[in-house]
Amino acid sequence: LQQHSELLERYREKYKYIIVDEYQDTNHAQYIFIKLLAGKYRNICVVGDDDQSVYSWRGADINNILDFEKDYPSAKSVKLEQNYRSTPKILSTANKVVKHNNVRISKRLWTQNPNNGSVTVLRAINENNEAEKIAKKITELIYSNAYGNKYKFSDFAVFYRTNAQSRTFEDAFRVTRIPYTVVGTLRFYDRAEIKDVIAYLKLIYNPNDNMSFKRVINIPRRGIGKTSIETLEKFAQLKNMSIWQSAPFAQEAGLTKGHVKSLNSFVQFIKDFSVFKNGGSVKLIAEKVITDSGYLKELEAENTPESKIKIGNIQELISAVDDFGTRSIDKSLAGYLTQIALINDTDSPDESKGKVTLMTLHLAKGLEFDNVFICGLEEGLFPIGESAFNNKELEEERRLMYVGMTRARKLLYLCWSTERRVYGKTIWNMPSRFIAEAGFKDESAEMEQSRKQSFQNKLSQGFNRTIQSGGLGRVQSFQSFNKKSFKAEVLYTNTENCSYIPSSGEITKNERFDNLAEDLSPYKIGTMVLHPIFGRGKIIEKSGAGNDLKLVVLFETGQWKKLLARIANLTLI
């Protein structure tokens with residue numbers, strides 16, 4: 001249209017009046033297209049809410065709606081601020097959160113609905129306890145006489161920031177016989193990448209499992225196509241043996257030398273796990289499968305939103321396996337596979353009262369439920385990753401929080417865990433800033449006091465915890481500080497003094513902290529320092545010297561950070 005004026009004129013005459021819904025979700029191409037069409041008659045009406053712009057990751061540009069009055073100076077703006085869904089308490093709390101955004105059109109929702117709802121913070125010990133508490137609360141609200149049995153399961157929704165978080169809720173709901181549905185994706189153990197890893201485990205335990213063999217023989221890609229697998233399977237059937245047993249006769253079966261070589265390599269890979277099968281840690285087996293097979297590497301190389309979701313799900317599976325090792329009496333691979341089989345064999349619970357809805361916050365937009373639980377409200381998870389150090393990303397995370405809160409009609413629960421297992425490692429958490437912004441400052445203050453006490457205890461106990469990078473992204477092991485080699489996050493700062501490197505540009509190094517060069521700096525091990533973002537902390541290790549001096553600081557929040565001293569903006573205390 002920009003290059004063909006006659007065509008543009010034709011469509012301008014055809015569409016003299018233009019109406020656009022959800023204008024805050026339009027991308028730049030749509031913006032240009034609409035502006036071209038409306039350029040002649042300027043008869044345009046758009047409907048949207050800048051506070052619900054949460055799709056920048058797929059191209060939406062919030063500036064389209066923010067600049068509408070600049071693009072069309074004669075336009076009349078009408079604010080539709082009356083809400084017919086939520087209670088005054090929920091709206092007031094949501095308004096408190098979103099008003100912390102600087103880039104927005106000023107507005108304040110109100111309602112004439114009766115003020116009989118509530119907003120409650122649920123604090124849990126860990127992610128399992130979070131799911132258990134929510135399951136208990138749902139059961140209580142449905143079956144307790146105090147509530148007149150007025151609720152059905154379909155009146156409840158559980159929102160979370162990442163798909164991988166559904167696993168703990170699915171586990172808890174199965175145990176408590178709560179019917180549920182996962183929106184937008186498959187149930188956790190039905191997801192392809194989870195089935196792939198479990199198929200590997202099944203094949204390690206029983207190499208004669210033909211279904212598992214066929215599922216993973218070419219995952220990741222090994223150049224063994226469908227035709228080769230079918231050829232080998234037909235040969236195995238003819239010889240009355242499993243595909244595994246027929247592998248040594250692959251060339252006789254008709255496979256090419258290249259395919260035979262790939263097949264033999266795969267068979268040896270599975271055989272190498274025989275030493276772990278009966279006595280090894282299931283978590284160790286699972287970790288070695290996803291790394292040594294090349295599966296994780298292939299997903300990382302793909303580097304798409306879909307592959308990142310798959311990686312997150314696999315990491316959550318590792319956490320589930322680790323949880324199994326902690327809780328179960330039979331910690332063997334056979335015991336784990338038995339547990340997985342029971343998940344699929346569990347009878348369906350009574351669905352006469354509907355199902356609880358499990359979904360990510362992005363999918364919740366436009367929906368509404370009587371009772372909503374927003375989960376995983378912890379710094380690093382929601383707001384996610386490094387968004388806390390990028391104003392634009394942080395404001396979108398806050399809008400996402402606002403969207404989630406305003407889905408609730410009556411009861412809203414804000415849930416967080418003091419600890420969470422990520423990729424089989426436990427991390428300490430601080431409550432999300434959104435909880436304090438919602439007016440629950442006592443929650444953060446109480447945790448801060450508790451964290452300070454915990455901080456002093458940890459300093460005297462030694463360390464064997466985890467560094468987390470990028471929310472539920474990659475996690476690097478962090479060994480005790482005893483001059484052993486370990487991996488650590490390297491944190492650099494920009495001109496604004498405080499910023500993470502984005503996940504895509506993560507810098508990770510293997511370094512030894514022994515044989516330190518002579519250092520004349522004031523940063524001594526044991527020195528207390530103050531960081532403008534992370535607060536008070538104690539230097540517990542360092543490496544390098546001069547401009548290359550790097551410090552490992554344990555902050556009162558329980559986080560470890562590795563900082564480049566010359567630009568870390570630390571103040572000695």
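Which strand supplies the largest share of the lining of the second largest pocket? The model examined is predicted, with local features requiring pLDDT of at least 70 and side-chain atom pairs pLDDT 80 or more, whereas totals for chains, interfaces and linings use all residues. Residues are numbered from 1 along each chain as its sequence is written, and side-chain values use heavy atoms, without hydrogens and water.

The largest share, three residues, comes from S2. Strand S2 (44–46) and helix H4 (68–71) each contribute at least two lining residues. Helices (H or I, at least four residues) and strands (E, at least two) are DSSP runs numbered from the N terminus. The second largest pocket has a volume of about 1100 Å³. Its lining comprises 33 residues, and Val-47, Gly-48, Asp-49, Val-78 and Leu-80 are the closest to its centre. Lining residues have an atom within 4 Å of a pocket grid point.

Strand S8 (residues 408–417) pairs with two other strands. Pairing requires at least two DSSP bridges. Leu-412 of S8 is the bridge partner of Val-119 and stands opposite Val-372. Eight of the ten S8 residues are buried, meaning under 20% relative accessible area with a 1.4 Å probe, protein chains only.

Helix H13 (residues 257–271) has 15 residues and should span 21 Å at 1.5 Å a residue; its end C-alpha atoms are 21 Å apart, which agrees. The expected span is 1.5 Å times one less than the number of residues. Buried H13 residues include Val-260, Leu-263, Phe-266 and Val-267.

Methods
Buried means under 20% relative accessible area, exposed over 50%, partly exposed in between (1.4 Å probe, protein chains only). On a 1 Å grid over the protein atoms alone, a cavity is a set of points where a 1.4 Å probe fits but cannot get out, and a pocket is an open set with protein on both sides within 12 Å along at least five of seven lines; lining residues have an atom within 4 Å of a point. Grid points are joined across faces, edges and corners, and a volume is the space filled by probe spheres set on the points.
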